Amino acid sequence: MERKKRKVEAENQQFLAEWTDFYCFTLPNHVGALPVCLICQQTVAIIKSSNLKRHYETKHKSFSEKYQLGSNLRKSKIENLYLSYSTSTQIINKAMSEQEKCTETSMRISWIFAKHMKPFTDADIIKECMIEAGNALFDTKNDIMEAIRNIPLSTFSNTRNTELFSKENHSNLIQSLSATDYYALAMDESCDKTDTTQLCIFVRYFDSTSEQFVEEILTILLLLGTTCGEDIYKTVIEYFEIYKLDMKKLISLTTDGAPSMIGNKKGFLYNNVRWLSKGFVLQRFFAILDEIKLFLSSSDQLCAKDYLDSLEIKEHVISIAFLTDIFKHINDLNFKLQGKGKLVCHLLSEIKCFSTKMDLFCEDIENERLHFPNLNTVLDDAENNNDIDLNQFINFIKKLKSEFEDRITGFKNIENVVQILNT
Ligand SMILES: [Zn+2]
């Protein structure tokens with residue numbers, strides 16, 4: 001059995017040139033190719049002389065009578081057959097690769113549209129532009145113009161391309177979320193133009209591949225029926241179950257404070273999802289720190305003691321105090337930037353003002369700490385704070401400032417325009 005198999009494989013390895021002459025077969029030049037009959041273009045499943053022979057003798061009996069083996073007539077006939085076969089495959093290959101190129105071009109253009117959030121209906125204009133440019137630049141190159149005309153750029157193909165992208169993106173995101181240890185969600189509820197309520201879910205997590213925090217839109221869920229907290233909760237849980245996302249990894253949930261999310265007694269507040277609002281949690285945590293310690297010391301859970309020990313360490317409490325103060329400032333800024341009727345020049349001046357403020361914060365930390373009341377209290381309470389390294393906080397603020405400036409470079413581009421508006 002084993003021997004027989006090896007024999008077939010050995011014979012399989014090579015297509016003999018003489019087979020073209022004997023049986024009118026050729027072997028296309030690509031991996032995994034099967035012999036093709038030059039007369040009828042059929043393929044045989046195995047590269048084996050007996051298979052080719054059987055095909056030739058049963059299907060093309062008259063051919064061997066008309067073109068005798070070894071005759072010049074047969075030789076030139078087979079050459080002609082081979083020539084027409086290879087020309088037609090070349091045409092097919094060329095057409096295939098041109099079609100592929102057109103599809104790729106269409107994908108690339110759809111990607112640009114999606115990145116700039118432009119409506120697909122404008123894609124036709126892009127084609128018009130390319131044809132105009134092509135006409136002006138390569139007036140005699142008909143194949144260039146033909147290729148441009150063949151790029152699928154209709155609203156339909158754009159929609160399909162974008163759906164492909166988003167599907168690919170979403171499955172990559174789900175994969176990253178399965179790999180990460182924790183994630184945080186932010187939800188925003190709004191209505192679309194048909195008045196259907198939508199729940200937009202954003203996710204923030206640490207991506208181990210790129211080693212940085214990533215923020216992505218996770219999904220938009222349609223809220224059918226009522227929009228009370230219970231229904232929203234069910235919809236979200238259902239989504240998590242479909243994509244096998246672990247609810248235990250969810251460490252925070254931010255909402256826009258919509259009454260439906262927090263007002264209803266059956267909503268998130270009363271479920272095992274910890275709820276944070278606009279980052280005020282640090283302030284609350286710090287305000288009730290003594291109560292938390294009391295609670296931890298009365299708890300008999302194993303981790304409670306670890307938490308308590310950690311809260312007894314002076315440096316930890318000082319760090320929490322600092323974070324509470326600095327997040328308060330960030331929240332205040334965030335609050336100022338929100339709301340309707342704000343002009344871009346107001347937003348820009350708020351942001352610039354905050355950037356300057358951060359320099360002030362660095363000085364303030366080493367002096368009176370007027371802007372860091374919680375940190376000040378903790379440092380005053382500490383018996384000996386000569387060993388406290390205030391530089392770590394100054395470095396934190398400096399990093400924050402540079403991060404901040406990176407993010408607002410987009411605003412800088414419009415600064416000149418804003419100055420004109422202001423005068
Ligand atoms: Zn044939």
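**Figure 1. The hairpin of strands β4 and β5 in the predicted model.** Four residues lie between β4 and β5 in this hairpin. β4 covers residues 197-207 and β5 covers residues 212-223. The two strands pair in the antiparallel sense, over 11 bridges. Isoleucine 201 has threonine 219 of β5 as its bridge partner.

**Figure 2. The pairing of strands β3 and β4.** Strand β3, residues 183-191, is joined to β4 by nine bridges, and the pairing is antiparallel. Phenylalanine 202 in β4 stands opposite alanine 186. As background, side chains in a regular strand alternate between the two faces of the sheet.

**Figure 3. The crossing of helices α12 and α13.** Two packed helices are described by the angle and the distance between their axes. The axes of α12 (residues 289-298) and α13 (residues 302-312) come within 8 Å and cross at roughly 145°. The crossing is left-handed. On the α12 side the contact is made by Lys293, Leu296 and Ser297; on the α13 side it is made by Ala304, Tyr307, Leu308 and Leu311. Five of the contact residues are nonpolar, one is polar and one is charged.

**Figure 4. Confidence along the protein chain.** The average pLDDT of the chain is 80, and 84% of the residues score at least 70. Strand β1 (residues 25-26) has the highest confidence, at 93, and helix α10 (residues 259-262) the lowest, at a mean of 46. Over residues 1-11, pLDDT stays under 50, and the model has one contact beyond four places in sequence for them. Residues 258-278 also stay under 50, with 48 such contacts beyond four places in sequence.

Terms used: Residues numbered from 1 in each chain as written. Pairing = 2+ DSSP bridges. Axes fitted to C-alpha atoms, helices over the stretch in contact; angles between N-to-C directions. Left-handed = near helix turned anticlockwise from the far one by under 90°. Contact = placed C-beta atoms within 7 Å. Nonpolar A, V, L, I, M, F, W, Y, C, P; charged D, E, K, R; others polar. pLDDT = per-residue confidence, 0-100.
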